[in-house]
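Work through the exercises below with the sequence and the model in view. Each task is followed by a solution in steps.

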Amino acid sequence: MTIFDEMVEAMHPQTFTEKISTKQEVMQQITLAGLYRGGFFEHAAFYGGTCLRIFHNLPRFSEDMDFSQVAKDSNIHLETYFPQIIEAFKMTGRDVEIKKKDKKTFGKVESAFLKDTTDVYDISFQTEKNIKVKIELDTNPPLSFDTEQKMLFRPFSFMVRCVTLSDLYAGKMHALVFRNWKTRVKGRDWYDFEWYVRWRVPLNFKHLQERIREFNGVEMSRDEFMMALKERLATTNIEDVKLDVGRFLINRKEIEVWSNSYFLQLADMIVFK
């Protein structure tokens, strides 16, 4: 049995869907290990739903790996670290290939938050091409965020530089309000919002303002943001939200309580930093 197989079995997936998601999560951890070996986290930090899943026990699966430079530097690119990623996978008994994604094929949900300065790649097995993870690096990010070091033990002990929870929260709230979708709601935004409120994570509004300024070109006060948030929470079809996020959950019963009123009450429970 390979180290990769051992890492998958240690997470005890039960259903076929869970086994696929678990393989993706192990791929994510190995990718982080390769990036660490290459010195990537001297220049960049991990953020997004996968960061929440791996380091903060978010109870939903996540497909993409999002990274942001901690200082704007045009000389830092993901391609530089591909050999270390490939070597980390070889060490666990698997061979992978890394291909650049064509951003023209992305839907509006994705493209609204992908700038020309974002590098995007797929990591996939050479033998199971349907199992893959997407990695993104914003090389010209909105700044004003803090980072912290988080530890993983497999496939070997290493540290990952992560965006702090308050700033991760800011990124998620920006996506929840400003993501440009029409028919495909990204229910994972809503699920993560509920998680942040439940755990009383303080929202760093300064970083949220910086993201709105960078991506949307507008200045927004806290009151204006709350109005925009509540408008989105009140008018979105909750059944569409549930349908999108359901495939990423182990226990779908936890979203049965969801309604527009439920999320509006969550909004009133936001704690600002």
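**Exercise 1: burial and overall form**

Of the 273 residues of the protein chain, 53% count as buried (under 20% relative accessible area, with exposed over 50% and partly exposed in between; 1.4 Å probe, protein chains only). This is a predicted model, in which local features need pLDDT of at least 70, side-chain atom pairs count only at pLDDT 80 or more, and totals for chains, interfaces and linings use all residues. Residues are numbered from 1 along each chain as its sequence is written, and side-chain values use heavy atoms, without hydrogens and water.

Task: state how many helices and strands the protein chain has, and why it counts as compact as a globular protein of its length.

Solution. Step one: the protein chain has eleven helices and seven strands, counted as DSSP runs (helices H or I, at least four residues; strands E, at least two) numbered from the N terminus. Step two: its radius of gyration is 18 Å, close to the 19 Å from the globule rule for 273 residues, so the chain is as compact as a globular protein of that length. The radius is taken over C-alpha atoms, and the rule is 2.2 Å times the number of residues to the power 0.38.

**Exercise 2: cysteines**

Solution. Step three: Cys51 is buried, with a relative accessible area of 0%; Cys162 is buried, with a relative accessible area of 0%.
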